[in-house]
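Dear colleague,

Please find below the structure that I am handing over to you. My notes on what was found in it follow directly after.

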Amino acid sequence: MLSTNNSLLRVRCLHQRSLVQFTRFSLKRSGPEITVSRIIQQRRHQSSSQNASEQKPPLPPSRLLLRAVRQSLSFGPLFSAFRGQSLRSLYRQSPEELVLAIFLLSGIGCICLYTVYAYFHYFQSKQFTQWPPEIAKSLRRALYYTNYGPDPKLAFKYYKLALEQCMEARLDPFSDKVLGLKIHVAGWFQKNGSYQNSIEVLEALLQDCKKWVEVMDRSVQEGLVDDSGRLKGASDPVRPTAEENSESEPAENLWGKRTRILEKSVLISVKLGQLYADEHVLQGDSAGEHLIWAVETVLKELQRRQVEPMKKGEGPEMTPEQIGGALEELAHYFESKSQHYLAAPLFLQAITLSPPKSCHTAVLMNNLAISLAQQPIYTPLDPGQPSKASGSNEPARPTRSSLLASARSWALQAQETAQKVRGEDKTDECDEACAVALCNLGDIAAMAGDIKEARRRFDESLTLSRKIAFEPGAAQAQEGLQRLSETTSKGST
C-alpha cells in the first residue's frame with residue numbers, strides 16, 4: 001500500500017512539474033507574442049494615420065454630377081443585356097415586353113438619326129454656307145426662333161443683327177442674297193401680323209432699287225457705260241464678292257445687274273400692291289399706284305428691248321409668268337374698284353402669257369368672263385354722251401347681249417380648259433375652276449333671262465362644289481339659287 005501511494009505521489013509530482021514547466025514555457029513565450037502584437041497594432045495605427053493624412057479631398061458636386069450623368073448614359077449594361085444568352089433568357093421570361101422594347105429602341109434610334117440628318121441638311125445647306133460664318137450663325141438662330149422655337153423678339157434681334165453684319169462685311173446691298181434676306185424679313189413681319197413694318201421694309205427696298213436703276217440709266221445717257229457693260233475708265237467689271245463667287249459664276253456687268261434689279265423692283269411693287277389692298281391695311285390708292293407702276297415698268301422695258309439691240313450680258317427679260325402676274329394683280333385692283341372695263345383687257349393679256357394647259361389659265365378665263373358680264377355698255381369716261389354719227393371712225397360700242405355672249409364663251413372655255421388638264425399639272429385649282437365656271441354660267445344665264453338654264457348650272461356647280469369640298473363655290477351656287485327663287489316669286493306675284 002505504501003509503495004502504491006508513493007508511486008502515485010511520484011506520478012502526481014511529475015505531472016505537477018510538467019504543468020509548472022509548461023506554464024513557465026508559456027509564460028516565457030507570452031512575452032514576445034505580446035510585444036509582436038503590440039508592434040503590429042502600432043504599425044496598423046501608423047498606416048491608418050498615414051492613409052488619413054494622405055487621403056484626397058472630396059470631389060466637388062459638379063464633378064460628382066458629371067460622373068453620375070456619364071454612368072447613366074453608359075450603354076454598356078444595355079448592350080450586355082442584348083447579348084446572345086441574356087437575350088434568350090429575356091425572351092423566355094417576357095417575350096412581348098422584349099419585342100416592344102426592341103421596337104421602342106429602334107424608333108428612338110430612327111428619330112435620333114433623322115434629327116441629325118435634318119440638322120445637317122437644313123442648317124448646313126447652301127442657304128447658310130453661302131454667307132460668311134458670322135452672318136450664317138445669326139441667320140441660323142433667327143430661323144430657329146422663327147420656325148422651331150417661335151420667339152418673335154429673339155427672331156427680330158438676330159434678323160437685325162444679320163443685316164447689320166451684312167453692312168459691316170460690305171456685301172453688295174443689291175445682290176440676290178441681301179435682297180432676298182430683306183424680302184424674307186418683310187414676309188416674316190407680315191406673317192406675324194405686323195403689316196406696317198412689312199410695308200416699310202419693302203418701301204425702303206423699292207426706293208433703293210429705283211434709285212440704282214435711275215443712276216444706271218442716267219449714266220448710259222451720259223455715255224459713262226461702254227459696250228461691255230462697265231463704267232468707262234474702270235479696271236474691272238462689276239463682279240460679285242468673294243462669298244458670292246464661290247462657285248466660279250460668270251461676272252455680272254452693269255446691264256445684267258440692271259435687269260436683275262429691275263425685275264426685283266417689279267416684284268416688290270406688286271407685293272406692296274397686295275399688302276396695301278389687304279383687309280388689314282385697306283389703302284386702295286397706294287395699292288393702285290404700285291400696281292400701275294409695275295405694269296408700266298414691264299411694258300416700257302419690253303418696248304425698249306424691241307427698239308434697242310440686245311446689250312452684252314443683259315440677260316433674259318422677265319418671264320411670261322412674272323409679267324402675267326403683274327397684269328393679273330392690277331386687273332384685280334380695277335375689279336375691286338368696279339372698273340371692269342379696265343380689268344378685262346388686263347385679264348385677256350394675262351391669259352395670252354399663261355400656259356395653255358394650266359389650271360391657273362382657267363382661273364384667268366373665269367375672271368375675264370366675270371369682268372365682261374359686269375362691264376357697263378358705256379364707260380364712265382363719257383357718261384351720257386350721245387352716240388357719234390354713223391360716218392365717225394369710232395368703233396361701235398358693244399351691246400349688252402354681245403358682252404354676255406362673250407362672257408359665256410369665256411366661261412365655257414374655262415370649264416373646258418380645266419377639264420383637259422391631266423397628270424402632275426392638274427391640281428385642286430382645276431376642280432375649283434370648273435365649279436366657278438358653272439356658277440358663272442348660271443349668273444350669265446340669269447342676266448340673259450334664261451331661268452331654266454341658270455338653275456341647271458347652279459345645281460351642277462353646287463353638286464361639284466360639295467363633291468370636292470369647295471365651300472366658297474357651294475355658297476355662291478346656293479346664293480344664285482336663292483336669287484332665282486326670289487326672282488320667280490316676284491314674277492309670279
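**Findings**

Arg457 is buried, at 10% relative accessible area; buried means under 20% relative accessible area, exposed over 50%, and partly exposed in between, with a 1.4 Å probe and protein chains only. This arginine belongs to helix α18, where helices (H or I, at least four residues) and strands (E, at least two) are DSSP runs numbered from the N terminus. Setting aside neighbours within four places in sequence, Arg457 is in contact with Arg408, Leu412, Gln415, Leu438, Leu441 and Gly442. Contact here means heavy atoms within 4.5 Å.

Please note that this is a predicted model, in which local features need pLDDT of at least 70 and side-chain atom pairs count only at pLDDT 80 or more, while totals for chains, interfaces and linings use all residues. Residues are numbered from 1 along each chain as its sequence is written, and side-chain values use heavy atoms, with hydrogens and water left out.

The term pLDDT is the predictor's confidence in each residue, from 0 to 100. For the protein chain its mean is 77, and 70% of the residues reach 70 or more. Over residues 237–248 the pLDDT stays under 50, and the model has 22 contacts for them beyond four places in sequence. The pLDDT is also below 50 over residues 379–391, a stretch with 4 contacts in the model beyond near neighbours in sequence.

As to the cysteines, a disulfide is counted when a pair of cysteine sulfur atoms lies within 2.5 Å, and this rule gives 1 disulfide. In general, a disulfide is a covalent bond between the sulfur atoms of two cysteines. Here the partners are Cys359 and Cys430, with their sulfur atoms 1.8 Å apart. Cys359 lies in helix α15 (residues 359–373) and Cys430 in helix α17 (residues 428–448), so the bond ties together parts that are 71 residues apart in sequence. The torsion about the S-S bond of Cys359 and Cys430 is about -85 degrees, which means that the disulfide is left-handed. Cys359 is buried at 3% relative accessibility, and Cys430 is buried at 0%.

Two loop residues also deserve mention. Leu282 has a positive phi of about 55 degrees although it is not a glycine. Leu282 sits in the loop between α11 (254–277) and α12 (284–307), and counts as exposed at 61% relative accessibility. Ala469, likewise not a glycine, has a positive phi of about 55 degrees. Ala469 is found in the loop between α18 (451–467) and α19 (471–492) and is exposed, at 64% relative accessibility.

Yours sincerely
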